[in-house]
Amino acid sequence: MPSAKSSKPTNTLTLSGLADNTQATIARWLIRPGDFVHEGKTLARYHLEAGGKELTICAHQSGVVHRIFVKNGDTVLAGQALCELRECAHDESISGICANCGADVAALEKSGNRTAGMFGSTACPLFRISAGSARRQQDDRVAALLRARRLALVLDLDHTLVHTILPRAVPPRVLGRMAAMSASLSRDGRPDIFEVGVWDDRRRDHVPHITKFRPWVRSFIASAAERFELYIYTAGNRPYAAAVASLLDPTGILFRGRIVSRDDYPDVPTAHKKLDVLFPADQHWALALVLDDNAETWDHPAEPPRRNPRDNLIHCPRYHFWPPGWGDTHNPVPETGLEEMGPAGATPHP
Ligand SMILES: [Mg+2]
Ligand SMILES: [Zn+2]
(Lines give C-alpha, C1' and ligand atoms only; values in the text may rest on other atoms or scores of the structure.)
(Ligands and ions follow the chains in the order given, each with its own letter.)
Protein backbone atom coordinates (compact mmCIF):
# COMPACT_ATOMS: atom_id res chain seq x y z
CA MET A 1 0.00 0.00 0.00
CA PRO A 2 1.37 3.45 -0.80
CA SER A 3 2.36 5.42 2.22
CA ALA A 4 3.51 8.90 3.01
CA LYS A 5 7.26 9.30 2.91
CA SER A 6 9.50 12.11 3.89
CA SER A 7 11.43 13.74 1.10
CA LYS A 8 14.41 14.44 3.32
CA PRO A 9 15.94 16.65 4.49
CA THR A 10 12.55 18.36 4.86
CA ASN A 11 9.70 16.64 6.66
CA THR A 12 7.28 17.12 3.82
CA LEU A 13 4.94 14.21 3.25
CA THR A 14 4.03 13.00 -0.22
CA LEU A 15 2.24 10.01 -1.69
CA SER A 16 4.99 7.61 -2.54
CA GLY A 17 5.12 4.12 -3.94
CA LEU A 18 2.85 5.16 -6.83
CA ALA A 19 3.80 5.37 -10.47
CA ASP A 20 4.57 8.89 -11.72
CA ASN A 21 1.53 10.90 -12.71
CA THR A 22 -0.81 8.69 -10.68
CA GLN A 23 -3.64 10.83 -9.43
CA ALA A 24 -5.35 10.48 -6.10
CA THR A 25 -8.13 12.35 -4.35
CA ILE A 26 -7.85 13.35 -0.70
CA ALA A 27 -11.05 12.10 0.95
CA ARG A 28 -10.39 13.83 4.28
CA TRP A 29 -7.67 14.99 6.58
CA LEU A 30 -7.77 13.67 10.14
CA ILE A 31 -5.34 16.24 11.50
CA ARG A 32 -5.06 20.00 11.82
CA PRO A 33 -2.04 22.30 11.92
CA GLY A 34 -0.60 22.34 15.42
CA ASP A 35 -1.49 18.71 16.15
CA PHE A 36 1.26 16.44 17.38
CA VAL A 37 1.29 13.07 15.63
CA HIS A 38 3.14 9.93 16.55
CA GLU A 39 4.93 7.89 13.90
CA GLY A 40 2.40 5.64 12.17
CA LYS A 41 -0.65 7.78 12.93
CA THR A 42 -3.18 7.99 10.12
CA LEU A 43 -3.10 11.54 8.80
CA ALA A 44 -5.57 11.38 5.93
CA ARG A 45 -7.65 9.06 3.77
CA TYR A 46 -7.57 9.12 -0.03
CA HIS A 47 -8.74 7.09 -3.03
CA LEU A 48 -7.30 6.49 -6.44
CA GLU A 49 -10.60 6.53 -8.34
CA ALA A 50 -14.08 7.81 -7.60
CA GLY A 51 -15.92 5.34 -5.42
CA GLY A 52 -12.70 3.31 -5.01
CA LYS A 53 -11.39 1.84 -1.78
CA GLU A 54 -10.14 4.37 0.74
CA LEU A 55 -6.42 4.18 1.51
CA THR A 56 -4.54 5.88 4.32
CA ILE A 57 -1.62 8.25 4.60
CA CYS A 58 0.40 7.61 7.75
CA ALA A 59 3.06 9.68 9.49
CA HIS A 60 6.55 8.34 8.79
CA GLN A 61 7.86 10.03 11.95
CA SER A 62 6.58 11.87 14.98
CA GLY A 63 6.16 15.61 14.73
CA VAL A 64 3.91 18.61 14.87
CA VAL A 65 1.74 19.30 11.82
CA HIS A 66 3.12 22.58 10.53
CA ARG A 67 1.28 23.08 7.25
CA ILE A 68 -1.28 21.18 5.15
CA PHE A 69 -0.91 22.02 1.46
CA VAL A 70 -4.04 20.44 -0.04
CA LYS A 71 -7.71 20.42 0.96
CA ASN A 72 -10.28 17.69 1.34
CA GLY A 73 -11.48 16.75 -2.16
CA ASP A 74 -8.33 18.01 -3.91
CA THR A 75 -6.78 15.83 -6.57
CA VAL A 76 -3.06 15.34 -6.05
CA LEU A 77 -0.22 13.74 -7.96
CA ALA A 78 2.21 11.15 -6.64
CA GLY A 79 5.19 13.05 -5.24
CA GLN A 80 3.22 16.24 -4.58
CA ALA A 81 3.74 17.84 -1.17
CA LEU A 82 0.75 17.12 1.10
CA CYS A 83 1.74 18.36 4.49
CA GLU A 84 4.78 19.26 6.55
CA LEU A 85 5.75 17.98 9.98
CA ARG A 86 8.15 19.81 12.23
CA GLU A 87 9.65 19.23 15.62
CA CYS A 88 7.80 20.84 18.50
CA ALA A 89 9.32 24.24 19.18
CA HIS A 90 7.18 25.14 22.18
CA ASP A 91 8.73 26.22 25.44
CA GLU A 92 6.58 24.50 28.05
CA SER A 93 6.21 20.86 28.89
CA ILE A 94 4.82 18.77 31.71
CA SER A 95 6.24 15.37 32.49
CA GLY A 96 7.74 14.91 29.05
CA ILE A 97 4.68 16.13 27.11
CA CYS A 98 4.55 19.51 25.37
CA ALA A 99 1.99 21.67 27.20
CA ASN A 100 0.95 23.26 23.89
CA CYS A 101 0.77 20.55 21.28
CA GLY A 102 1.13 17.31 23.22
CA ALA A 103 4.41 16.36 21.52
CA ASP A 104 6.54 13.77 23.25
CA VAL A 105 9.49 15.84 24.50
CA ALA A 106 10.74 13.41 27.13
CA ALA A 107 14.06 13.14 25.32
CA LEU A 108 14.45 16.94 25.41
CA GLU A 109 13.72 16.98 29.12
CA LYS A 110 16.24 14.22 29.75
CA SER A 111 18.92 15.88 27.67
CA GLY A 112 18.89 18.86 30.02
CA ASN A 113 17.43 21.19 27.40
CA ARG A 114 14.45 21.68 29.68
CA THR A 115 14.55 23.12 33.14
CA ALA A 116 12.16 23.82 35.97
CA GLY A 117 13.14 27.39 35.33
CA MET A 118 14.20 29.79 37.95
CA PHE A 119 11.61 28.83 40.45
CA GLY A 120 9.77 25.90 39.00
CA SER A 121 6.05 25.87 39.47
CA THR A 122 4.36 25.31 42.78
CA ALA A 123 1.19 24.22 41.03
CA CYS A 124 2.86 21.53 38.98
CA PRO A 125 6.29 20.26 40.02
CA LEU A 126 6.69 18.48 36.68
CA PHE A 127 6.37 21.69 34.67
CA ARG A 128 9.45 22.42 32.58
CA ILE A 129 10.47 25.22 30.26
CA SER A 130 12.98 25.27 27.47
CA ALA A 131 16.52 26.46 28.15
CA GLY A 132 15.91 29.38 25.79
CA SER A 133 12.79 30.45 27.61
CA ALA A 134 14.59 30.16 30.97
CA ARG A 135 17.36 32.41 29.65
CA ARG A 136 14.87 35.02 28.46
CA GLN A 137 13.17 34.98 31.87
CA GLN A 138 16.54 35.43 33.59
CA ASP A 139 17.46 38.35 31.35
CA ASP A 140 14.11 40.05 32.00
CA ARG A 141 14.43 39.56 35.73
CA VAL A 142 17.97 40.92 35.94
CA ALA A 143 16.99 43.92 33.82
CA ALA A 144 13.99 44.58 36.11
CA LEU A 145 16.19 44.43 39.23
CA LEU A 146 18.74 46.79 37.73
CA ARG A 147 15.99 49.20 36.64
CA ALA A 148 14.41 49.15 40.09
CA ARG A 149 17.85 49.40 41.73
CA ARG A 150 16.94 46.54 44.04
CA LEU A 151 18.88 43.53 45.31
CA ALA A 152 17.72 39.98 45.66
CA LEU A 153 17.54 38.50 49.16
CA VAL A 154 17.80 34.73 49.03
CA LEU A 155 16.39 33.06 52.13
CA ASP A 156 17.00 29.57 53.38
CA LEU A 157 14.05 27.93 55.17
CA ASP A 158 15.13 25.32 57.70
CA HIS A 159 16.88 26.68 60.77
CA THR A 160 16.89 30.12 59.16
CA LEU A 161 13.24 31.14 58.94
CA VAL A 162 11.62 28.06 60.47
CA HIS A 163 12.29 24.87 62.38
CA THR A 164 10.29 21.93 61.04
CA ILE A 165 9.86 18.47 62.48
CA LEU A 166 7.75 15.42 61.79
CA PRO A 167 4.91 15.16 64.32
CA ARG A 168 5.14 11.45 64.92
CA ALA A 169 8.27 12.28 66.87
CA VAL A 170 6.43 14.67 69.17
CA PRO A 171 5.11 13.28 72.47
CA PRO A 172 1.29 13.07 72.15
CA ARG A 173 0.70 15.22 75.24
CA VAL A 174 2.71 18.00 73.61
CA LEU A 175 0.99 17.56 70.29
CA GLY A 176 -2.38 18.07 72.01
CA ARG A 177 -1.23 21.36 73.53
CA MET A 178 0.43 22.62 70.41
CA ALA A 179 -2.19 25.25 69.55
CA ALA A 180 -2.13 26.74 73.04
CA MET A 181 1.67 26.73 73.05
CA SER A 182 1.73 28.49 69.73
CA ALA A 183 -0.44 31.38 70.88
CA SER A 184 1.49 31.88 74.09
CA LEU A 185 4.90 31.62 72.46
CA SER A 186 4.30 33.88 69.52
CA ARG A 187 5.99 37.28 69.77
CA ASP A 188 3.43 39.07 67.64
CA GLY A 189 0.32 37.47 69.12
CA ARG A 190 -0.34 35.34 66.07
CA PRO A 191 0.08 31.59 65.89
CA ASP A 192 3.54 30.59 64.76
CA ILE A 193 3.37 26.82 65.05
CA PHE A 194 1.63 25.06 62.20
CA GLU A 195 0.86 21.56 61.20
CA VAL A 196 1.22 21.44 57.46
CA GLY A 197 0.59 18.60 55.01
CA VAL A 198 3.45 18.10 52.58
CA TRP A 199 2.69 16.12 49.48
CA ASP A 200 4.70 12.91 49.21
CA ASP A 201 4.66 11.62 45.68
CA ARG A 202 5.76 8.15 46.66
CA ARG A 203 2.96 7.75 49.20
CA ARG A 204 0.46 9.66 47.07
CA ASP A 205 -0.59 11.44 50.23
CA HIS A 206 0.16 14.45 52.38
CA VAL A 207 2.61 13.83 55.21
CA PRO A 208 2.11 16.06 58.25
CA HIS A 209 5.01 18.26 59.30
CA ILE A 210 5.10 20.72 62.19
CA THR A 211 6.69 24.06 61.47
CA LYS A 212 7.64 26.70 64.01
CA PHE A 213 8.41 30.20 62.75
CA ARG A 214 11.53 31.90 63.99
CA PRO A 215 10.45 34.78 66.27
CA TRP A 216 9.59 37.91 64.31
CA VAL A 217 9.91 36.13 61.00
CA ARG A 218 6.72 37.68 59.63
CA SER A 219 7.79 41.24 60.29
CA PHE A 220 11.29 40.44 59.07
CA ILE A 221 10.19 39.23 55.66
CA ALA A 222 7.56 41.96 55.35
CA SER A 223 10.11 44.72 55.90
CA ALA A 224 12.77 42.94 53.83
CA ALA A 225 10.31 42.81 50.93
CA GLU A 226 10.20 46.61 50.89
CA ARG A 227 13.88 46.77 50.01
CA PHE A 228 14.65 43.44 48.38
CA GLU A 229 13.19 41.04 45.92
CA LEU A 230 12.67 37.96 48.08
CA TYR A 231 13.54 34.40 47.14
CA ILE A 232 13.33 31.12 48.97
CA TYR A 233 16.13 28.69 48.28
CA THR A 234 15.81 25.43 50.18
CA ALA A 235 17.49 22.05 50.03
CA GLY A 236 14.05 20.62 50.83
CA ASN A 237 11.87 19.29 48.06
CA ARG A 238 9.35 21.39 46.15
CA PRO A 239 6.17 20.30 47.96
CA TYR A 240 7.85 21.17 51.26
CA ALA A 241 9.14 24.50 49.96
CA ALA A 242 5.69 25.38 48.62
CA ALA A 243 3.94 24.37 51.85
CA VAL A 244 6.22 26.46 54.08
CA ALA A 245 6.15 29.38 51.63
CA SER A 246 2.37 29.43 51.82
CA LEU A 247 2.58 29.67 55.63
CA LEU A 248 5.10 32.50 55.55
CA ASP A 249 3.39 34.32 52.72
CA PRO A 250 -0.26 33.23 52.56
CA THR A 251 -1.21 35.72 49.85
CA GLY A 252 1.89 35.02 47.77
CA ILE A 253 2.73 38.70 47.32
CA LEU A 254 6.12 38.60 49.04
CA PHE A 255 7.76 35.73 47.21
CA ARG A 256 5.54 35.69 44.12
CA GLY A 257 6.54 32.14 43.34
CA ARG A 258 10.29 32.86 43.55
CA ILE A 259 11.06 29.54 45.18
CA VAL A 260 13.97 27.26 44.41
CA SER A 261 13.93 23.72 45.77
CA ARG A 262 16.25 20.76 45.32
CA ASP A 263 13.74 19.25 42.88
CA ASP A 264 14.19 22.10 40.43
CA TYR A 265 17.86 21.49 39.80
CA PRO A 266 18.47 17.76 40.12
CA ASP A 267 21.95 18.15 38.66
CA VAL A 268 23.05 20.35 41.60
CA PRO A 269 24.33 18.18 44.50
CA THR A 270 21.92 18.50 47.45
CA ALA A 271 24.79 19.55 49.72
CA HIS A 272 25.32 22.65 47.57
CA LYS A 273 23.30 25.68 46.72
CA LYS A 274 24.33 27.51 43.59
CA LEU A 275 23.94 31.16 42.90
CA ASP A 276 24.04 30.38 39.18
CA VAL A 277 20.53 29.09 39.55
CA LEU A 278 19.36 32.64 40.17
CA PHE A 279 22.07 34.54 38.36
CA PRO A 280 23.84 32.52 35.67
CA ALA A 281 26.20 35.37 34.77
CA ASP A 282 28.94 36.17 37.28
CA GLN A 283 28.57 39.90 36.86
CA HIS A 284 25.05 39.67 38.30
CA TRP A 285 26.06 37.83 41.46
CA ALA A 286 26.55 41.20 43.10
CA LEU A 287 22.77 41.55 42.97
CA ALA A 288 22.24 38.79 45.53
CA LEU A 289 22.43 38.64 49.31
CA VAL A 290 21.98 35.24 50.89
CA LEU A 291 20.71 34.53 54.41
CA ASP A 292 21.38 30.97 55.53
CA ASP A 293 22.31 29.14 58.73
CA ASN A 294 24.49 26.73 56.79
CA ALA A 295 27.62 28.30 55.39
CA GLU A 296 29.05 25.08 53.98
CA THR A 297 26.25 24.73 51.48
CA TRP A 298 27.39 27.96 49.80
CA ASP A 299 31.11 27.42 50.25
CA HIS A 300 32.21 25.88 46.99
CA PRO A 301 34.53 28.02 44.93
CA ALA A 302 33.65 27.65 41.29
CA GLU A 303 36.38 27.33 38.69
CA PRO A 304 38.59 30.41 38.80
CA PRO A 305 38.09 33.19 37.98
CA ARG A 306 34.55 32.66 39.24
CA ARG A 307 33.75 33.88 42.69
CA ASN A 308 32.84 31.80 45.69
CA PRO A 309 29.11 32.21 46.42
CA ARG A 310 30.04 32.24 50.12
CA ASP A 311 31.01 35.89 49.57
CA ASN A 312 27.31 36.66 49.15
CA LEU A 313 26.30 34.98 52.39
CA ILE A 314 25.06 36.51 55.61
CA HIS A 315 25.58 33.59 57.93
CA CYS A 316 22.79 33.65 60.52
CA PRO A 317 22.69 31.72 63.81
CA ARG A 318 20.99 28.39 63.48
CA TYR A 319 17.42 28.55 64.76
CA HIS A 320 16.48 25.60 66.98
CA PHE A 321 13.11 25.46 68.67
CA TRP A 322 12.21 21.80 69.03
CA PRO A 323 14.20 19.61 71.38
CA PRO A 324 16.84 17.42 69.78
CA GLY A 325 15.40 14.08 68.76
CA TRP A 326 12.02 15.40 67.66
CA GLY A 327 12.33 14.42 64.07
CA ASP A 328 14.83 16.94 62.79
CA THR A 329 16.79 15.29 60.01
CA HIS A 330 19.97 16.07 61.94
CA ASN A 331 18.67 14.27 65.00
CA PRO A 332 16.74 11.38 63.52
CA VAL A 333 14.17 9.85 65.80
CA PRO A 334 15.03 6.22 66.51
CA GLU A 335 11.53 5.03 65.69
CA THR A 336 10.69 2.89 62.72
CA GLY A 337 8.13 5.40 61.56
CA LEU A 338 10.68 7.92 60.51
CA GLU A 339 12.80 5.49 58.59
CA GLU A 340 9.70 4.54 56.62
CA MET A 341 9.36 8.12 55.53
CA GLY A 342 12.51 7.79 53.48
CA PRO A 343 14.17 10.74 51.84
CA ALA A 344 10.94 12.03 50.31
CA GLY A 345 9.14 12.31 53.64
CA ALA A 346 12.04 13.58 55.68
CA THR A 347 12.12 16.93 53.98
CA PRO A 348 13.48 19.36 56.55
CA HIS A 349 17.01 20.26 55.66
CA PRO A 350 19.92 22.18 57.02
MG1 LIG B 1 19.08 25.79 56.82
ZN1 LIG C 1 4.75 21.56 21.26
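Which elements do the buried residues of helix 5 pack against? In this predicted model, they pack against strand 14, strand 16, strand 17 (205–213), strand 18 and helix 6. The buried residues of helix 5 are Val217, Arg218, Ile221, Ala224 and Ala225. They lie on the same side of helix 5, because they cover an arc of only 135° around the axis. The face turned away from this buried side carries Glu226 and Arg227, which are exposed.

Several of these elements also contribute to the largest nonpolar core. That core has 28 residues. Within it, Leu230 and Leu248 have the most contacts. Two or more residues come from each of strand 14 (151–155), strand 16 (193–200), helix 5 (217–227), strand 18 (228–233) and helix 6 (238–248). Helix 6 gives the most, with seven residues. In general, nonpolar side chains of soluble globular proteins tend to be buried together.

The surroundings of Leu248 show how separate parts of the chain meet. Leaving aside neighbours within four places in sequence, Leu248 is in contact with Leu157, Leu161, Val162, Phe213, Val217, Ile221 and Phe255. Val217 and Ile221 are among the buried residues of helix 5. Another core lies apart from the largest one. This other core has 21 residues, among them Leu15, Ala24, Ala78 and Cys83.

Strand 14 pairs with strand 20 (residues 288–292) in the parallel sense, over four bridges. Here Leu153 stands opposite Leu289 in strand 20.

A zinc site was examined next. The zinc ion (ligand 2) has four donor atoms. The protein donors are Cys88 (SG), His90 (ND1), Cys98 (SG) and Cys101 (SG). They lie 2.1 to 2.3 Å from the ion. The angles among the donor atoms are 100 to 119°, and the site is tetrahedral. For four tetrahedral donors, the ideal angle is 109.5 degrees. In sequence, the donor residues follow the spacing C-x1-H-x7-C-x2-C.

His90 has a relative accessible area of 31%, so His90 is partly exposed. Cys98 has a relative accessible area of 4% and is therefore buried, the cut-off being under 20%.

Conventions. Residues numbered from 1 in each chain as written. Chains lettered and ligands numbered in written order. Predicted model: local features only at pLDDT ≥ 70, side-chain atom pairs only at ≥ 80, totals over all residues. Heavy atoms only, no water. Core = buried A, V, L, I, M, F, W, Y, C linked by side-chain atoms within 4.5 Å. Buried < 20%, exposed > 50% of the residue type's maximum accessible area, 1.4 Å probe, protein only. Contact = heavy atoms within 4.5 Å. Arc of directions from axis to C-beta. Donors = N, O, S within 2.8 Å, 3.2 Å for Na, K, Ca; no water. Tetrahedral: all angles 85-135°; square planar, octahedral: opposite > 155°, others 65-115°. Pairing = 2+ DSSP bridges.
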